[in-house]
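I am opening my notebook on a structure that is new to me.

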Amino acid sequence: QLELAESGGGLVQPGESLRLSCTSSAFMFDYYGLGWFRQAPGKEREAVACISAKDHLPNYADSVKGRFTISRDNAKKTLYLQMSSLKPEDTAVYYCAADHGLLRECLLDSSDFGTWGQGTQVTVSS
């Protein structure tokens with residue numbers, strides 16, 4: 001079965017950086033679009049960024065554009081989220097997800113993603 005596992009979360013101060021990783025068990029890893037989502041306490045889950053299977057084209061939420069970078073290493077079956085200039089508003093549980101093998105650019109639509117990791121906590125506080 002396809003499984004996803006996030007790591008790299010932690011406690012950081014505003015302005016600092018953090019890199020999240022997500023390791024996949026997918027046999028055909030390069031066939032899946034991948035995304036990062038987050039959920040803060042009392043709020044709905046929201047899309048952060050995604051990256052397509054074809055051409056590795058990224059898409060970002062406006063709230064993180066210019067600060068976060070999504071990337072993938074198909075040889076390592078790993079998805080990354082490099083986060084810089086972190087703000088307290090970035091505090092949330094971060095989830096990685098795999099789509100249904102759409103083989104097109106990602107649209108930050110959670111309904112396109114069918115497999116989810118357990119999440120990793122990111123806390124930004126002084």
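Entry 1, terms. I call a residue buried under 20% relative accessible area, exposed over 50%, and partly exposed in between, with a 1.4 Å probe and protein chains only. This is a predicted model, and in it local features need pLDDT of at least 70, side-chain atom pairs count only at pLDDT 80 or more, and totals for chains, interfaces and linings use all residues. Residues are numbered from 1 along each chain as its sequence is written, and side-chain values use heavy atoms, with hydrogens and water left out.

I looked up Phe27 and found a relative accessible area of 70%, so Phe27 is exposed. Phe27 sits in the loop between β3 (18–24) and β4 (34–39). Strands here are DSSP runs (E, at least two residues), numbered from the N terminus. Together with Met28, Tyr31 and Leu103, Phe27 makes a nonpolar surface patch of about 470 Å². Members of a patch have over 30% relative accessible area and no salt bridge; nonpolar side chains (Val, Leu, Ile, Met, Phe, Trp, Tyr) are joined within 5 Å, like charges within 9 Å. The areas come from the Shrake-Rupley method with a 1.4 Å probe, and for residues only the protein chains shown count as cover.

In soluble globular proteins, nonpolar side chains tend to be buried together. I searched for nonpolar cores (buried Ala, Val, Leu, Ile, Met, Phe, Trp, Tyr and Cys residues joined through side-chain atoms within 4.5 Å). The largest has 27 residues, and Trp36, Leu81, Met83 and Tyr94 touch the most other members. Two or more residues come from each of β3, β4, β5 (46–51), β7 (68–73), β8 (78–83), β9 (92–99) and β11 (120–124). β9 gives the most, with 4 residues. Another core, of 6 residues, lies apart from this one; Phe37, Ala47, Cys50 and Phe113 are among its members.

Which residues does Arg38 meet in salt bridges? I counted a salt bridge when a side-chain nitrogen of Lys or Arg is within 4 Å of a carboxyl oxygen of Asp or Glu. The whole structure holds 5 salt bridges. Arg38 meets Glu46 at 2.8 Å, N to O, and Asp90 at 2.9 Å, N to O. Arg38 lies in strand β4 and Asp90 in the loop between β8 and β9, so this pair ties together parts 52 residues apart in sequence. Arg38 is buried at 5% relative accessible area, whereas Glu46 is partly exposed at 32%.

Asp90 also forms a salt bridge with Arg67, the closest N and O atoms being 2.8 Å apart. Arg67 is in the loop between β6 (58–60) and β7, 23 residues from Asp90. Asp90 has 2% relative accessibility and is buried; Arg67 has 11% and is buried. Shared partners join Arg38, Glu46, Arg67 and Asp90 into one network.

I checked Ser24 in strand β3. Ser24 is buried, at 8% relative accessible area. Contact means heavy atoms within 4.5 Å. Leaving aside neighbours within four places in sequence, Ser24 is in contact with Leu2, Glu3, Leu4, Phe29 and Lys77.

Thr123 is in strand β11 and is partly exposed, at 26% relative accessibility. With neighbours within four places in sequence left aside, Thr123 is in contact with Gly10, Leu11, Val12 and Thr91. Ala40 is 83 residues from Thr123 in sequence and 10.0 Å away in space, C-alpha to C-alpha.
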